[in-house]
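Please load the model in your viewer and keep the selection panel at hand. The stops below say what to select next and what is there.

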Amino acid sequence: MPKTASSRGTDPDVPRTRVLVVGGGYVGMYTALRLQRKLRTELRSGRTEIVVVTPDPYMTYQPFLPEAAAGSISPRHVVVPLRGVLNRCRVVVGEVRSVDHAQRTATFTTLATEEQGTGDAEITYDELVLAPGSVSRTLPVPGLADHAIGFKTVEEAVGLRNHVIEQMDIASSTRDPAVRDAALTFVFVGGGYAGVEALGELEDMARYAARYYHNVTADDMKWILVEASDRILPEVGPEMGRYTVSELRRRNIDVRLETRLESCEDRVAVLDDGSRFPTRTVVWTAGVKPHPVLAATDLPRDERGRLKCTAQLVVDGAPHAWSAGDAAAVPDLTAGEPGKECAPNAQHAVRQARVLGDNIAASLRGEPLTDYEHEYLGSVASLGLHQGVAHVYGRKLKGYPAWFMHRVYHLSRVPTVNRKARVLSEWILSGLFKREIVSLGSLERPRAEFELAAGGTTGGTPPTNPPHDPKGST
């Protein structure tokens, strides 16, 4: 296997192999974790080095984001610190900008790049794992970039929770019916897992919080789910999808199928069926797309922008380049039909990462590689406290059994015993005590209070604080 000059150790007779992992999500973290175990001897001797370049120093367990938004789980327990888990790897917090696989080099920036003024850094590698994940797929909807919020990160989940409670505070303290109506109208765009689970958990949380307001009730709030196709949650099957629609509508949630958001300018959500909803809350969960860094590589991609991979998780036609998860188009060997690809979900990503780590270790040792082959087991989704839907092993569940299965499954999948214990303890405590309904919007602007004080003391004015909302998230 060829070695790059800068990846050799201090002894020129003993080459060092550098494995570069781009991304610290499901695939990136689990692949690096698997390599740590498989290459323990090589790492200890210094013959192999694993470098993980990731924008965040933690992995986010995204299935728990709705519960973090609802306050059922602390945001700190939804993330896994990479440096604590990948103790035999070198973790670099930064973003890879481009990859030249022909030269085995990648350029990246770090938090210190701008202050240093040295431009992008460059790193060479011998084996590349390209797993940057995906980003929100947005459309050119007027006003979307200015007013909408996504739901892919823990920061967005916490911000959305703070925002919803703030809107209830606004509605409680105003006498203007137009302001009150806009504050209590919440529009979610996208009927996949992220949109349905976020809507279900937040509506459940807001309905509970309303009992503590003297002039806001659950009936005052409007929750609207907009989906462009003719059904929601396609992963759980048509029957469970129809049940989910009826369950949401039973809770007075306005579910609009085969409908699109045309505009959200001037804080008015306009749908293509002619409906107009003055609102201060538009949550965009209408799908994802491959990370833009894939376009800045010389690796082959399919028509959707994902890397073309073999069943062994090698990038097709690019030896020593590997990928899995959202960034990869991996053939599904269990489908029984040519051209079928694995769904880009967490279930496949975690299992692909294990095979990927094993195959990289086998490749370095000259051993045969293994095909990735996993039959899809099914799906579970939460619709709020004690409500859910599931289609697992051909069995269809709804209500409390599905909700319970959702929690058991994801508790078994969240990484590290530490996180499992903390999440379980929070669930137990939430069953014994009341929900927390406090908004901590000021956390998003921690210097706001000091800026106000300093501006008043020196005679200046804070540069960015809106006068009506000096510390909040709106």
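This is a predicted model, in which local features need pLDDT of at least 70 and side-chain atom pairs count only at pLDDT 80 or more, while totals for chains, interfaces and linings use all residues. Residues are numbered from 1 along each chain as its sequence is written, and side-chain values use heavy atoms, with hydrogens and water left out.

**The parallel sheet**

Begin with the five strands that form an open sheet in the order E10-E17-E11-E12-E13, with parallel pairing. Strands here are DSSP runs of E with at least two residues, helices are runs of H or I with at least four, and both are numbered from the N terminus; two strands pair if DSSP finds at least two bridges between them. Strand E10 (148-149) and strand E13 (253-256) stand at the edges with a single partner strand each, so one side of each has no neighbour in the sheet.

Next select strand E11 (residues 185-189) and strand E12 (residues 222-226), which run parallel and are joined by five bridges; within this pairing, Phe-186 has Trp-223 in E12 as its bridge partner.

Helix H7 (residues 154-173) lies across E10, E11, E12 and strand E17 (281-284), and runs at about 160 degrees to E17. Helix H9 (residues 193-209) lies across E11, E12 and E13, at about 175 degrees to E12. Contact means heavy atoms within 4.5 Å, and the angles, from 0 to 180 degrees, are taken between N-to-C directions of lines fitted to C-alpha atoms, for helices over the stretch in contact.

**The antiparallel sheet of three strands**

Move on to the open sheet with the order E14-E15-E16, whose pairing is antiparallel. Its edge strands are strand E14 (261-263) and strand E16 (276-278), each of which pairs on one side only. Neighbouring strands of this sheet are turned by 35 degrees against each other on average, direction ignored. Two bridges join E14 to strand E15 (residues 268-271), and Leu-261 has Leu-271 in E15 as its bridge partner.

**Strand E5 and its partners**

Select strand E2 (residues 48-54) with strand E5 (residues 90-100): they run parallel, joined by four bridges, and Val-52 stands opposite Val-91 in E5. E5 also pairs with strand E6 (residues 105-110), in the antiparallel sense over six bridges, where Val-99 has Ala-106 in E6 as its bridge partner. E5 and E6 form a hairpin with four residues between them, and Arg-104 in the turn has a positive phi of about 55 degrees.

**An aromatic pair**

The structure holds eight aromatic pairs, defined for rings of Phe, Tyr and Trp (its six-membered ring) by centres within 6.5 Å, with planes under 30 degrees apart counted as stacked, over 60 as edge-to-face and the rest as tilted. Pick Tyr-26 and Tyr-61, whose ring centres are 6.1 Å apart and whose planes stand at 70 degrees, so the pair is edge-to-face.

To finish, show the backbone hydrogen bonds, through which the strands of a sheet pair, either parallel or antiparallel.
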